[in-house]
Amino acid sequence: MQLKLDYSQTTAGGKLRLFKHIWQAIPHIGEIVTSLSENLDTNEYCTPQAGVFIHKTAEVCPSALILPPCIICAGAQIRHCAFIRGKALIGENCVVGNSSEIKNAILFNGVQVPHFNYVGDSILGYKAHLGAGVVLSNVKADKSSVFVTCGGQKTDTGLKKLGSVLGDRAEIGCNSVLAPGTLIGANAVVYPASFVRGGVPENCIFKGANKIIHKS
């Protein structure tokens with residue numbers, strides 16, 4: 001499975017294009033965010049604390065906790081009790097909602113993480129959406145390195161922390177769990193309450209481990 005991401009839909013696009021495989025960017029997200037912050041327009045962004053940059057059109061609830069380094073882009077909504085643990089790029093018009101936790105992650109423009117979600121060591125493509133309670137698991141139970149399956153080949157990433165990469169407009173149903181190293185193709189749909197390991201090809205619907213169908 002090959003992942004398609006519209007790099008024009010994130011300010012990190014130029015940085016991400018430098019990696020042969022998108023998951024290789026995961027250990028470098030903190031560096032990417034810090035580098036991008038050095039070129040932000042100070043007339044457009046405020047800095048409530050060192051290393052945190054919030055666009056003046058973004059809406060941030062007072063109860064949200066945001067740790068550096070972090071960039072929150074134009075039109076984003078950071079809602080009640082959201083927890084952004086640093087090394088995070090929140091794209092334009094994104095939603096990070098009630099009790100959702102973001103850590104070492106890039107959210108392309110238009111991503112919605114609205115209710116009780118965990119997004120760690122992950123990259124979410126343009127307009128990807130997580131239903132309530134979706135967890136992107138990022139560490140294996142035995143703490144060994146995470147494998148990904150791409151192009152029919154299983155690869156040891158050498159990373160002990162790796163969540164998921166979601167293609168543009170991927171839709172993950174409520175209360176689903178994606179295993180470490182899961183790749184979800186563009187326009188793919190995962191049924192609610194699913195456990196996904198490995199990945200789902202683009203334009204497909206995941207109904208269960210042995211039932212993945214192509215969209216008609």
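This is a predicted model: local features need pLDDT of at least 70, side-chain atom pairs count only at pLDDT 80 or more; totals for chains, interfaces and linings use all residues.

User: With which residue does Arg85 form a salt bridge?

Analyst: The closest N and O atoms of the pair are 2.8 Å apart, and the limit is 4 Å. Arg85 lies in the loop between strand E7 (83-84) and strand E8 (88-90), and its partner in strand E10 (residues 101-107), so the pair ties together parts that are 16 residues apart in sequence.

User: Which residue pairs with Asp121 in a salt bridge?

Analyst: Asp121 sits in strand E12 (residues 118-124) and its partner in strand E10, so parts 18 residues apart in sequence are tied together. Both residues are buried. The closest N and O atoms are 2.6 Å apart, and the partner is Lys103.

User: How many residues apart in sequence are the parts that Lys4 and Glu202 tie together?

Analyst: The two side chains meet in a salt bridge at 3.6 Å, N to O. Lys4 is exposed at 52%, whereas Glu202 is partly exposed at 24%. Lys4 lies in the segment before helix H1 (13-16) and Glu202 in the loop between strand E23 (199-200) and strand E24 (204-208), so the separation is 198 residues.

User: How many disulfides does the structure hold?

Analyst: A disulfide needs two cysteine sulfur atoms within 2.5 Å. The sulfur of Cys81 is 7.2 Å from the closest cysteine sulfur, in Cys61, which is too far for a bond. The structure's total is zero.

User: Which cysteine has the sulfur nearest to that of Cys73?

Analyst: Cys73 is buried, at 3% relative accessible area. Cys73 is in no disulfide. The nearest cysteine sulfur is 7.7 Å away and belongs to Cys94.

User: Which strand gives the largest share of the lining of the largest pocket?

Analyst: The pocket has a volume of about 240 Å³. Its lining counts 13 residues, and those closest to the centre include Phe147 and Lys154. The largest share is three residues, from strand E15 (residues 147-150).

User: How many residues of that lining are nonpolar?

Analyst: The lining of the largest pocket splits into three classes. Four residues are polar and three are charged. The nonpolar count is six.

How values were computed. Residues are numbered from 1 along each chain as its sequence is written. Side-chain values use heavy atoms; hydrogens and water are left out. Buried means under 20% relative accessible area, exposed over 50%, partly exposed in between (1.4 Å probe, protein chains only). On a 1 Å grid over the protein atoms alone, a cavity is a set of points where a 1.4 Å probe fits but cannot get out, and a pocket is an open set with protein on both sides within 12 Å along at least five of seven lines; lining residues have an atom within 4 Å of a point. Grid points are joined across faces, edges and corners, and a volume is the space filled by probe spheres set on the points. Helices (H or I, at least four residues) and strands (E, at least two) are DSSP runs, numbered from the N terminus. Ala, Val, Leu, Ile, Met, Phe, Trp, Tyr, Cys and Pro count as nonpolar, Asp, Glu, Lys and Arg as charged, and the others, Gly among them, as polar.
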